[in-house]
Amino acid sequence: MFKKILVPVDPAEPGFAKDALDKASQLARDYGAKIHLMAVCPEVQSFVASQLPDGWQKREIDETTVILDKIGAELDVPEGIVDCYVRMGAVYHEVIEEAEKSGCDLVLMTSHKPGLSTYFIGSNAAHIVRHAPCSVMVLRGN
C-alpha cells in the first residue's frame, strides 16, 4: 500500500499529532512502510533575528530534533522504521517540498477544526492537500 509516510509534527504541540502518529504506526506495521517524521521551525525576519543571541537557530533545530527523536522512539514500530527531519520555513511549503524530495507516497497529518479564519485564509492542511505530490490523509483534531 504505502511505502513512505510523511508525518508533520508541530514541536510546540507534539501531542496534537498523536492520532496521525498512531495511524502511521499502524500502516507501518501492516504494510512495512517507513515513517518520515518532520517538524518545521518558522523562519524569523532578519531584523528580529539580529536581536536574538548567537546560535539561536542551531539551538532551535537541535531542540526540535530531540523532540522528534523522542517521538519516533516511542512509536510502536520495529527499529529502523522512523527517520526524523527538521526544516526551516513556511509549514505547508516545507511539507510539500519534503514529500517530493524524499519520495513519500502519503502525507498523514492532523488538522485543527476549521474556523472562520481558516475559511477565508486557508490552513496549512488545506494548502498541503491541494499541492502535495502524493496522497494526503487528514485526521480531524479536537
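Predicted model: local features only at pLDDT ≥ 70, side-chain atom pairs only at ≥ 80, totals over all residues.
In general, strands of a sheet pair through backbone hydrogen bonds, either parallel or antiparallel. Here, β2 and β3 run parallel, and seven bridges join them.

Now step back to the whole sheet. Five strands form an open sheet in the order β3-β2-β1-β4-β5, and their pairing is parallel. At the edges you will find β3 and β5, the latter covering residues 135–140, and each of these pairs on one side only. From one strand to the next, the twist averages 25°.

Next, follow the chain to helix α4, which spans residues 91–102. Its 12 residues reach 16 Å from the first C-alpha to the last, close to the 16 Å expected at 1.5 Å a residue. The helix lies across β1, β2, β3 and β4, and runs at about 150° to β2.

Which residues of α4 are buried? They are Glu 94, Val 95, Ile 96, Glu 98, Ala 99 and Ser 102. On the sheet, these buried residues pack against β1 (4–8), β2 (34–41), β3 (82–88) and β4 (106–111). They also pack against another helix, α6, at residues 124–131.

Note on methods
Residues numbered from 1 in each chain as written. Heavy atoms only, no water. Helix = DSSP H or I, 4+ residues; strand = E, 2+ residues; numbered from the N terminus. Expected span 1.5 Å × (residues − 1). Buried < 20%, exposed > 50% of the residue type's maximum accessible area, 1.4 Å probe, protein only. Contact = heavy atoms within 4.5 Å. Pairing = 2+ DSSP bridges. Axes fitted to C-alpha atoms, helices over the stretch in contact; angles between N-to-C directions.
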